[in-house]
Amino acid sequence: MIPAQHPDNEPARIKALHNLLILDTPPEQRFDRIITFLADEFTMPIAMISLVDSNRQWYKAQLGMACTETDRNISFCAHAILGTELFIVPDAQQDVRFSANPLVTDVPFVRFYAGAPLILNSGHAIGTLCMLDLTPRLLDALDMAIFCAVRNIVVDEIELSAKHIISAP
């Protein structure tokens, strides 16, 4: 298992995430609906909106996972936020970065991961919209386009929420 490096802009990225005032907030139906759509559209058993904090990834919305957060060191999403494009692991058992990861070797036995970085207008990647499967798979061009479109909706919703919090009297 190879934990992800921290992005070059890590202090500013963490500050941007914390300024959203979204961490450790209750579930919200709008985000739950998005991941339910994603799981149904792609027939995935696991879908999440994952926010990557300093030492953990916390799930604003999750379907198919029994926990609400995991350690950042075992996070697939921590790898995904290092770039701007979709981060896809077709078979985690065959990928040296993840083959010894406890999420792969133990419950939930992840094999496939796709994460779309949630990049704010400020340019900071605060987490991912992600989906996981228990069998290896690939996404075609249309799947990737749909996934990115849904990711953009998530980013818009997060930024809209933050705007309302900041402008509230």
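**Thr-70**

The model is a predicted one. I then asked: is Thr-70 buried or exposed? Its relative accessibility is 10%, so I put Thr-70 down as buried, the cut-off for that class being under 20%.

Next I listed the neighbours of Thr-70. Leaving out residues up to four places away in sequence, Thr-70 touches Arg-56, Gln-57 and Tyr-59. With Tyr-59 I also noted a polar contact between the side chains, at 3.4 Å.

**Strand β2**

I went on to strand β2, residues 56-63. How many of the eight residues of this strand are buried? I noted six, so the strand is largely enclosed by the rest of the structure.

I checked the pairing of β2 with β3. The two run antiparallel and are joined over three bridges. In this pairing I found Arg-56 opposite Asp-71 of β3. β2 and β3 make a hairpin, with five residues between the strands. In that turn I noted Gly-64, whose phi is positive at about 95°.

**Strand β1**

I then turned to β1, residues 46-52, which pairs with β2 in the antiparallel sense over six bridges. Which residue of β2 stands opposite Met-48? I found Gln-62 there. β1 and β2 also form a hairpin, and I noted three residues between these strands.

**The whole chain**

I stepped back to the chain and its elements. There are five helices and six strands. Reading from the N terminus, I wrote the order down as α-α-β-β-β-α-β-α-β-β-α.

For overall dimensions, I noted a box of roughly 50 × 30 × 30 Å along the principal axes, filled by the C-alpha atoms. I compared the radius of gyration with the globule rule: a compact globule of 169 residues would have a value near 15 Å, and the chain has 15 Å, so the two agree.

I looked at burial over the chain as well, and 49% of the 169 residues count as buried.

Last, I looked up how far apart in sequence the contacting residues lie. Among contacts with a separation of 6 or more, 63% are between residues 24 or more positions apart.

Note on methods
Residues numbered from 1 in each chain as written. Predicted model: local features only at pLDDT ≥ 70, side-chain atom pairs only at ≥ 80, totals over all residues. Heavy atoms only, no water. Buried < 20%, exposed > 50% of the residue type's maximum accessible area, 1.4 Å probe, protein only. Polar contact = N/O pair within 3.5 Å; in protein donor to acceptor, adjacent residues only side chain to side chain. Contact = heavy atoms within 4.5 Å. Helix = DSSP H or I, 4+ residues; strand = E, 2+ residues; numbered from the N terminus. Pairing = 2+ DSSP bridges. Rg over C-alpha atoms; globule rule 2.2 N^0.38 Å.
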